[in-house]
Amino acid sequence: MDSPELPPPVPDALTRGNSYAAALVCAFISVILMQSGFLSFLFLIPLGYIAAAYNIHAARRAFAGAIGLNILLSLGLSFFLKSSFFLRFLDILYYTVMSLAFFWIMAPPERGLPLLRIRTAYRLIGGALAGSLVFLFIMYTSLNNTGFSALVRSQTEALSSLYIASSGADAARRSFLEQQINPDRVLELLKLGALRGGAVASCLILFFFSRQAARSLARIIRHVSPSGQASGGLRGFHVPPPSIWVLSLSLAVILGSRIFGITVLETVSWNVLIISVMLFLAQGGGIALYVLSRRAVPPMIRLFLNILLIVLIFSPGINALLLGVLVLLGIAENWVPFRAPKPDGSSSTPGI
């Protein structure tokens, strides 16, 4: 019996050509998204898609091309629009650092320093710390710029006036809000929040969302199996065991720093606490997804629970309670095995 005829192999040159073209297209899309304003938070997804769908060499070309294109476009816009070169330099700095950090998250080196080949959760934290430092530098530098400071002040004035106007006809309440909500106070709160964990939390969310979206696109467009990439999604995410002690210690240090007035130590502890909470939030979300994906749950109930979860996440007030429950659920898994191993001894939820 003749063996079935196999399709001819794809030439290496064609494969390399496709990866070159895809890298160039995704680099261009990333730069355009970054300059679009409203959709700029999506700029890392095309670059992550190349890393998830192809290989580290294609990813290296895409990231390098995107950084080069962004520099050329930013300098060109600064020249033709007569805009501030310093603000364009800050844009270039932010894009470059965030892209390099995300490249490390998506495509860690296979050889070299062991520090660069740590698990994905640690790479996410390291990338978020690098991005938050750049974000804080840009924020404090930009606020000292007269034009940018005036723009931010006008926006905060508009938001504070809208909030005060929504208070109704109660004169006492309006007077209290006018004293408490003013542009200077809003700016101070924004800077304080960013410095005490807001910046690192926003970068961590951006990297995690971009990574998940890129991997999903790779599965949909090129049918890349998750086993072909770094294994483990949110459903299989486990927080490193020492994180519970880091969380507890950071809380104690925050309280002690406030008592003794050590501002620098308190600021650092707040960032450590926020990172720990974000990790346990991810673990709680993984537990929820694991429960919803179990075969014992009927499909209609699973669909209803997924829709209900989305509605709750986008419901003001309720979403804060839901996120708190997920954090507590993630912390509780340190003592309660919600995702127990299979009977054969292998874990049903491999860690990221």
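Residues are numbered from 1 along each chain as its sequence is written, and side-chain values use heavy atoms, with hydrogens and water left out. As this is a predicted model, local features need pLDDT of at least 70 and side-chain atom pairs count only at pLDDT 80 or more, while totals for chains, interfaces and linings use all residues.

**View 1. Helix α2 packs with helix α4.** Helices here are DSSP runs (H or I, at least four residues), numbered from the N terminus. Residues 45-53 form α2 and residues 85-106 form α4; their axes are 10 Å apart, at an angle of about 25 degrees. Axes are lines fitted to C-alpha atoms over the stretch in contact, and angles run from 0 to 180 degrees between N-to-C directions. The pair is therefore roughly parallel (angles under 35 degrees).

**View 2. Here are the residues where α2 meets α4.** From α2 come L47, G48, A51 and A52, and from α4 come Y95, S99, F102 and M106. Contact means heavy atoms within 4.5 Å. Six of the residues in this contact are nonpolar, two are polar and none is charged. For these classes, Ala, Val, Leu, Ile, Met, Phe, Trp, Tyr, Cys and Pro count as nonpolar, Asp, Glu, Lys and Arg as charged, and the others, Gly among them, as polar.

**View 3. L116 sits in the loop between α4 and α5.** With a relative accessible area of 36%, L116 is partly exposed; buried means under 20%, exposed over 50% and partly exposed in between (1.4 Å probe, protein chains only). Not counting residues up to four places away in sequence, L116 touches W104, P108, P109 and R123. W104 is 12 residues from L116 in sequence, and their C-alpha atoms are 7.8 Å apart.

**View 4. S276 is a buried residue of helix α10.** Its relative accessibility is 5%, and α10 covers residues 263-292. Neighbours within four places in sequence aside, S276 is in contact with S243, V246 and L247.

**View 5. Helices α10 and α12 cross at roughly 90 degrees.** Their axes come within 7 Å. This makes α10 roughly perpendicular to α12 (65 to 115 degrees). Among the contact residues are F280, G284 and I287 of α10, along with L326, V327 and G330 of α12. The whole contact divides into 10 nonpolar, four polar and no charged residues. Within α12, the buried residues are L322, L326, V327, G330 and I331.

Key
Helices (H or I, at least four residues) and strands (E, at least two) are DSSP runs, numbered from the N terminus. Angles under 35 degrees count as roughly parallel, over 145 as roughly antiparallel, 65 to 115 as roughly perpendicular and the rest as oblique.
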